[in-house]
Amino acid sequence: MLKTEIRQAIDPRHAKTLDTAALRKEFLMEDLFIEGRINLVYSHLDRMIVGGAVPDANALELKAAKETGTPGFLDRREAVIVNVGDEGTISVGGTDHALGNRDMLYVGMGAGALIFSGKGARFYILSAPAHRALPTRLVRIADAKRLDLGDRATSNERSIFQFVHPDVMESCQLVVGMTKLAGGSVWNTMPAHVHDRRSEAYLYFDLPEDQRVFHFMGEPSETRHLVVKNEQAILSPGWSVHCGAGTASYTFIWAMAGDNMDYRDVDMVKMEDLQ
Ligand SMILES: O=C[C@H](O)[C@@H](O)CC(=O)C(=O)O
Ligand SMILES: [Zn+2]
């Protein structure tokens, strides 16, 4: 069963007037992972699609979504699927790909329908418009490029694993990876940055059920926060900071689409400019 919700792009002048419930409605995706379903959010931020597929005993097929206006979902798009659950399988064009926990599958434009199976698997889906067909490829954490950033003293010691990234493999728009906080560290992406060239989505996971991440967003001079649970995701427009502090350590998947794929092309925000 497929459910798709549309989220409009949002202007920072409007966003700063929103109360908690309205901010959550625009930027937080609370229920992507529901057993027996595929839930998608079609965002007008770089037309990124963010979703979840949780197969039960039956497989789930993602063939088409009317929001894309194409007969097949991947006719003019690429996708990256990350398994945040137990081992599962994604079949694409008659080939089965077995994904363990944290493996990512890149699927190129025109590859056809995606069939998700394996009870216990939890597939996080990302997709963006593409301009050419590139081969489907399974990327495991050992293939990723690792960057160690931050410091224990500032509670932001973390490892960034770049999976779908120009240094690892080719994609059209999507740049996707995973950041794991070291034990005792809770801050991600602090010092904060913005990048008007690219929109971003975060999925927080590996967070105990009774813990929360305080995710910070907004223009640097108008920050707001979203209180986020395990397996919830957020959307980050180009004008917004995106960083968070957890009440426990966690891991998150970040994904970007937009004008360039240069991970280091960010505008750092000075601490004195944050308000
Ligand atoms: O533009 C890059 C993205 O915001 C994330 O990759 C940042 C991140 O994972 C981190 O610093 O912890
Ligand atoms: Zn960023």
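## Two domains

Domain bounds here come from an automatic or database domain assignment. On that basis the protein divides into domain 1 (2-11 + 30-139) and domain 2 (141-273). Their C-alpha centres lie 21 Å apart. The contact between them takes 28 residues from domain 1 and 27 residues from domain 2. Two residues are in contact if their C-beta atoms, placed from the backbone, lie within 7 Å.

This is a predicted model: local features need pLDDT of at least 70, side-chain atom pairs count only at pLDDT 80 or more, and totals for chains, interfaces and linings use all residues. Residues are numbered from 1 along each chain as its sequence is written, while chains are lettered from A and ligands numbered from 1 in the order in which they are written.

## The domain 1 side of the contact

Four strands of domain 1 each supply at least two residues to the side that touches domain 2: strand 6 (77-83), strand 9 (104-107), strand 11 (123-129) and strand 12 (137-139). Strand 11 gives the most, with 4 residues. Strands (E, at least two residues) are DSSP runs, numbered from the N terminus.

By class, this side of domain 1 has 19 nonpolar, 2 polar and 7 charged residues. Ala, Val, Leu, Ile, Met, Phe, Trp, Tyr, Cys and Pro count as nonpolar; Asp, Glu, Lys and Arg count as charged; the others, Gly among them, count as polar.

## The nonpolar core

The largest nonpolar core has 75 residues. Such a core is a set of buried Ala, Val, Leu, Ile, Met, Phe, Trp, Tyr and Cys residues joined through C-beta atoms within 7 Å. A residue is buried if 20 or more other C-beta atoms lie within 10 Å of its own, exposed if 12 or fewer, and partly exposed in between, with C-beta atoms placed from the backbone. V80, I81, M104, L126 and V176 touch the most other members. Strand 23 (residues 251-258) gives the most to this core, with 6 residues. The core draws at least three residues from each of domain 1 and domain 2.

Two of its members show the contacts in detail. M104 is in contact with V80, I81, V82, V139, F163, V164 and V176. V176 is in contact with V80, M104, L126, F163, V164, I253 and A255. V176 sits in strand 15 (residues 175-181). It counts as buried because it has 26 C-beta neighbours inside 10 Å. V176 and A201 are 25 residues apart in sequence, yet 9.5 Å apart in space, C-alpha to C-alpha.

An open sheet of 7 strands runs in the order 2-21-18-23-15-14-13, with antiparallel pairing. Strand 2 (28-29) and strand 13 (145-149) each have a single partner strand, so one side of each is left without a neighbour in the sheet. Two strands pair if DSSP finds at least two bridges between them. Strand 2 is joined to strand 21 (residues 232-236) by 2 bridges, in the antiparallel sense. M29 has A233 of strand 21 as its bridge partner.

Strand 18 (residues 198-205) is mostly covered, with 8 of its 8 residues buried. On one side are R198, E200, Y202 and Y204; on the other are S199, A201, L203 and F205. Strand 18 pairs with strand 23 over 8 antiparallel bridges, and S199 stands opposite A257 there. Another 5 bridges join strand 18 to strand 21, also antiparallel. In that pairing A201 stands opposite L235.

## Around ligand 1

The residues around ligand 1 are R158, I160, T179, N188, T189, E200, H242, W254 and V266. A residue counts as near the ligand if its C-beta atom, placed from the backbone, lies within 6 Å of it. By class, the shell has 3 nonpolar, 4 polar and 2 charged residues. E200 is also one of the buried residues of strand 18.

## Backbone features in loops

The peptide bond from M190 to P191 is cis, with omega near 5°. P191 lies in the loop between strand 16 (187-188) and strand 17 (193-194).

D46 is not a glycine, yet has a positive phi of about 50°. It lies in the loop between strand 3 (37-43) and strand 4 (49-54). With 21 C-beta neighbours inside 10 Å, D46 counts as buried. D206, also not a glycine, has a positive phi near 60°. Its place is in the loop between strand 18 and strand 19 (213-217). D206 counts as partly exposed, because it has 17 C-beta neighbours inside 10 Å.

Key
Lists of a residue's contacts leave out its neighbours within four places in sequence.
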